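Trainee: I have a new model to read. Can we go through it together, one question at a time?

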Amino acid sequence: MVTETLQAETRPIDWKRIFFLALGLGLFTLVYYSSAWPDAIDPNGERFVLTTEAKGAIAVFLLAGIWWVFEVLPIGITSLTIGVLQVMFMIRPANAAFKDFMAPSVLFIFASLVIGMVFTKTGLTRRIAYKMLSIVGERTSMIYLGCFMVTAALTHIMAHTAVAATMYPLLLTIHAMYADDRQPTRFGKGLFIGMAYVAGAGSIITLLGAARGAVAIGFFKDIVGREITFFGLSYYMFPVGWVMVFILWAFVMLFFRPEKQRIEGIKERSAFMLKEMGAMSRTEVVSAIIIFLCILALSLRAFIPALAGVNKTAIILVSTILFFVLNILDIKDLEAIPWNIILLFGGAMSIGFCLWETGAAQWMAVNWLTLFKEAHWFVFVMSIAFFVMVMTNFIMNVAAIAISLPVALVIAPYLGVAPEVILFASLITSGMPFILLVGAAPNAIAYDSGQFTTGEFFTYGLVASLILMVITALFVLVVWPMMGMPVLLP
């Protein structure tokens with residue numbers, strides 16, 4: 001005890017941490033106590049007033065962004081700070097600010113993490129990993145590609161959160177065969193960051209990958225009066241998603257080139273270990289059936305009206321309950337849940353709803369988009385894509401779509417821009433938040449590996465986001481018009 005006390009007393013002061021703690025608090029204070037800001041005015045003359053509560057929401061938003069990026073506190077504690085500040089400064093009441101920490105989307109992430117635990121505990125993860133490695137071979141570049149292609153393919157039929165939770169233990173198994181411990185390696189960084197990025201790229205291709213597509217199509221139908229079908233969306237998004245998958249593979253190979261070009265003998269070793277495991281156990285079979293039925297039910301919601309009304313969170317939580325009813329999991333497994341990640345997304349939901357309910361998000365969207373109301377049509381479309389990309393890194397991508405798409409679709413006719421190109425460009429960038437962990441659940445799940453820091457994710461994410469904007473521009477200007485998408489109004 002005395003030794004620990006002495007060590008604490010002699011520990012050097014972390015000035016960098018203190019600086020960013022103070023910077024977050026300083027920005028919060030500066031914005032919250034500043035005088036009233038000008039109203040935002042849309043092209044129809046509607047005024048959006050920035051109330052004191054809305055200004056407070058922006059202040060909390062800035063503090064959270066600084067503390068999350070530089071990890072001055074555990075990311076879950078920063079999330080708790082978001083709720084506390086809303087209540088203490090009367091931005092939102094407690095029953096609103098803290099209720100969001102257990103919103104359906106947060107519970108969906110919880111249930112997805114439980115599925116990942118089941119894969120690990122039952123041995124399904126090792127079985128899948130050994131099978132894949134026996135196919136892709138020893139080259140680490142091909143192991144990268146194999147993992148990324150499986151991740152992207154799975155997001156065509158199930159939510160990217162569930163895919164990330166499924167792939168996470170598999171990647172841990174692969175990394176354990178590459179390195180003797182869980183210390184960070186370039187290969188580990190590439191595996192987990194790449195998985196998070198690719199999960200986003202794959203999830204834009206169908207309506208099953210994430211909820212954002214259905215929400216965007218709903219807005220489009222209400223405002224424009226035309227319907228985008230399930231396969232109509234996939235027709236335009238399939239090439240974008242898979243182009244990004246292969247570009248992200250090249251990105252990972254460039255920035256996270258593995259220390260070893262090959263894992264010698266891994267193909268034979270994997271085949272041998274798979275054989276040693278023998279036939280699937282009863283627990284593995286039951287777990288696989290539960291998971292398969294859960295995925296099937298989630299997928300069929302898009303096609304069967306009777307299932308459409310059942311919330312996806314309730315469906316996936318049925319699997320969690322069954323795992324405990326059938327003794328596949330026990331209380332120790334429940335205690336092992338990474339609550340830091342759950343709290344992270346609770347905070348993300350809370351700040352997202354805070355910006356939305358106070359009107360701060362609409363104020364920001366209108367101010368940003370009206371800057372480009374007289375710009376060239378291409379600049380306008382890319383400004384929308386950029387705004388959605390930035391916002392979806394801080395708040396739910398569904399909210400980012402909800403605050404920007406209606407405004408953009410109102411402004412578009414003034415510039416002669418077809419609404420389809422705005423819809424699809426927004427869906428590209430809303431699906432790939434590469435900068436902050438809170439942008440998407442796969443980002444946070446990957447972070448739990450301990451292979452990278454929030455600062456590293458932020459830095460490499462800036463480069464990946466620049467690449468994403470270039471690819472979006474290429475599709476808007478060249479590829480989609482060739483595929484028959486209307487870009488300009490007659």
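**Charged pairs, domains and surface**

Mentor: Start with lysine 121, which is partly exposed at a relative accessible area of 42%. Keep in mind that this is a predicted model.

Trainee: Which residue does the side chain of lysine 121 meet in a salt bridge?

Mentor: The rule asks for a side-chain nitrogen of Lys or Arg within 4 Å of a carboxyl oxygen of Asp or Glu. Here the N to O distance is 2.7 Å. The partner is aspartate 333.

Trainee: How many residues apart in sequence are the parts that this pair ties together?

Mentor: Look at where each partner sits. Aspartate 333 belongs to helix H17, and lysine 121 to helix H6 (residues 104-122). The pair therefore ties together parts whose separation in sequence is 212 residues.

Trainee: Does aspartate 333 count as buried or exposed?

Mentor: Buried means under 20% relative accessible area. Aspartate 333 has 14% relative accessibility, so it counts as buried.

Trainee: Which residue forms a salt bridge with glutamate 357?

Mentor: Check the closest N and O atoms. They are 2.9 Å apart. The partner of glutamate 357 is arginine 92.

Trainee: Which parts does that pair tie together, and how many residues apart are they?

Mentor: Glutamate 357 lies in helix H18 (residues 339-357). Arginine 92 lies in the loop between H4 and H5. The pair thus ties together parts that are 265 residues apart in sequence.

Trainee: Is arginine 92 buried or exposed?

Mentor: The cut-off for buried is under 20%. Arginine 92 has a relative accessible area of 5%, so the word is buried.

Trainee: What about aspartate 39 and arginine 47: at what N to O distance do their side chains meet?

Mentor: Aspartate 39 is partly exposed, at 28% relative accessible area. Arginine 47 is exposed, at 52%. Their side chains meet in a salt bridge at 3.3 Å.

Trainee: How many salt bridges does the rule count, and how many across the interface of domain 1 and domain 2?

Mentor: The count by this rule comes to 9. Across the interface of domain 1 and domain 2, the rule finds 0.

Trainee: How much area do domain 1 and domain 2 bury between them?

Mentor: First find the domains. Domain 1 covers 13-101 + 337-358, and domain 2 covers 103-327 + 359-483. The contact takes 41 residues from domain 1 and 37 residues from domain 2. Carbon and sulfur atoms hold 79% of the buried area, which is about 3400 Å².

Trainee: Where does methionine 90 lie?

Mentor: Methionine 90 is not a glycine, yet its phi is positive, at about 55°. At 67% relative accessibility, it counts as exposed. Methionine 90 lies in the loop between helix H4 (75-88) and helix H5 (94-97).

Trainee: What is phi of asparagine 327 near?

Mentor: Asparagine 327 lies in the loop between helix H16 (312-325) and helix H17 (331-335). At 66% relative accessibility, asparagine 327 counts as exposed. Its phi is positive in a residue other than glycine, near 60°.

Trainee: What accessible area does the nonpolar patch with Leu293 have together?

Mentor: Leucine 293 lies in helix H14 (residues 282-300). At 49% relative accessibility, leucine 293 counts as partly exposed. The patch on the surface is formed by Met280, Val285, Ile289, Phe292, Leu293 and Leu296. Together they have about 530 Å².

Key: Residues numbered from 1 in each chain as written. Predicted model: local features only at pLDDT ≥ 70, side-chain atom pairs only at ≥ 80, totals over all residues. Heavy atoms only, no water. Patch = residues over 30% accessible without salt bridge, like charges linked within 9 Å, V, L, I, M, F, W, Y side chains within 5 Å. Areas by Shrake-Rupley, 256 points an atom, 1.4 Å probe, with all protein chains shown as cover. Helix = DSSP H or I, 4+ residues; strand = E, 2+ residues; numbered from the N terminus. Buried < 20%, exposed > 50% of the residue type's maximum accessible area, 1.4 Å probe, protein only. Domains from an automatic or database assignment. Contact = heavy atoms within 4.5 Å. Buried area = accessible area lost by both parts, 1.4 Å probe.
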